[in-house]
Amino acid sequence: MRNLTPAHIRLVKLTLFLVFLLPLIRVIFRGVEGNLGANPLEFITRATGDWTIYCLCLTLCISPLRRFTGWHWIQRLRRLFGLYVFFYAVLHFVCFLWFDHFFDVEAMLQDILKRPFIALGFCAFVLLLPLAATSTDQMMRRLGRWWGKLHQLVYAVALLAVLHFWWMRSGKNNLLEPVIIAGVMLMLLGMRLVFYWRARRAAVVAQ
Ligand code: HEM
């Protein structure tokens, strides 16, 4: 598992690509069967929101997993996971724009200003845009070391996403899932801080 050949990595990527499509396929099948619950539009908006945040958690798992296991190839899955975060976020946003406002952008913006939990989700979505736009190899080369700095925005996206989820569910007194997601995110972000401090200390000692 430590070293995979390029052919194996391609196979892993293809498998994950198909696996991440399953939540969408499930929603489509349930829709065709008329099995989306009492409020189908709410079901779809929530399912796409859920999968955005799950994919975000999985994306943030990659670097710690690479460090703990020594599987460096796993780093090559980051773009796939990240683009799935964006894919489900776009679907989630379009659901909101369509189902809640029937593509009336002005009404949508007013709603965003009125309801803070939606404003938080919207900010997270806006921060995802430059990340998706610079996800190509070409942009990576062009931006050089700034690419890494820009992509640290993902941590802000994670915090905003957790707050968005938490705030939305607190209105419904149903905080179990937001608590679990917040715990996982804090652990993943905390690990990064520890790695960062260790690297800095090692650099100081080496001087
Ligand atoms: C990174 C971006 C985002 C993430 C990770 C995210 C995640 C979520 C999650 C997990 C939920 C709760 C689903 C549940 O209760 O099971 C949710 C609900 C919701 N989100 Fe987002 N969201 C994001 C962006 C947005 C944006 C851009 C908007 C609209 C401008 C938005 C509007 C909503 C609304 C209206 C709900 C409540 C749905 C309902 O109760 O019917 N979200 N989101």
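Predicted model: local features only at pLDDT ≥ 70, side-chain atom pairs only at ≥ 80, totals over all residues.

Colleague: Fine, so how many helices and strands does the protein chain have?

Modeller: The protein chain has 9 helices and 0 strands, where helices (H or I, at least four residues) and strands (E, at least two) are DSSP runs numbered from the N terminus. Along its principal axes, the C-alpha trace spans about 60 × 40 × 35 Å.

Colleague: And what share of the residues is buried?

Modeller: Of the 207 residues in the protein chain, 17% are buried. A residue is buried if 20 or more other C-beta atoms lie within 10 Å of its own, exposed if 12 or fewer, and partly exposed in between, with C-beta atoms placed from the backbone.

Colleague: On to the ligand: which residues are closest to it?

Modeller: The ligand is surrounded by 25 residues, and the closest are Gly49, Gly121, Ala124, Phe125 and Ala161; a residue is near a molecule or strand if its C-beta atom, placed from the backbone, lies within 6 Å of it.

Colleague: Which helix gives the most to that shell?

Modeller: H2 gives the most, with 8 residues, and at least two residues each come from helix H2 (40-69), helix H3 (78-100), helix H5 (116-133) and helix H8 (153-170). By class, the shell has 15 nonpolar, 6 polar and 4 charged residues; here Ala, Val, Leu, Ile, Met, Phe, Trp, Tyr, Cys and Pro count as nonpolar, Asp, Glu, Lys and Arg as charged, and the others, Gly among them, as polar.

Colleague: What about the largest nonpolar core, and which residues have the most contacts inside it?

Modeller: That core has 26 residues, and Leu56 and Ala161 have the most contacts inside it. A nonpolar core is a set of buried Ala, Val, Leu, Ile, Met, Phe, Trp, Tyr and Cys residues joined through C-beta atoms within 7 Å. H2, H3, H5, H8 and helix H9 (176-206) each supply at least two residues of this core, and H2 gives the most, with 7 residues.

Colleague: What is leucine 56 in contact with, leaving aside its neighbours within four places in sequence?

Modeller: With those neighbours left aside, leucine 56 is in contact with Val85, Val157, Ala158 and Ala161, two residues being in contact if their C-beta atoms, placed from the backbone, lie within 7 Å.

Colleague: Which residues of H3 are buried, and what covers them?

Modeller: The buried residues of H3 are Gly82, Tyr84, Val85, Tyr88, Ala89, Leu91, His92 and Phe96, and their cover includes helix H1 (6-32), H2 and H5.

Colleague: Is H9 buried or largely in the open?

Modeller: H9 lies largely in the open, because the number of buried residues among its 31 is 2. From its first C-alpha to its last, H9 reaches 45 Å, close to the 45 Å expected at 1.5 Å a residue; the expected span of a helix is 1.5 Å times one less than its number of residues.

Colleague: Last topic, the loops: where is phenylalanine 102, and what is its phi?

Modeller: Phenylalanine 102 is in the loop between H3 and helix H4 (105-114), and its phi is near 45 degrees, a positive value in a residue other than glycine. Phenylalanine 102 is exposed, with 9 other C-beta atoms within 10 Å.

Colleague: And where does asparagine 173 lie?

Modeller: Asparagine 173 lies in the loop between H8 and H9, with a positive phi of about 50 degrees although it is not a glycine. Asparagine 173 counts as exposed, with 6 C-beta neighbours inside 10 Å.

Methods. Residues numbered from 1 in each chain as written.
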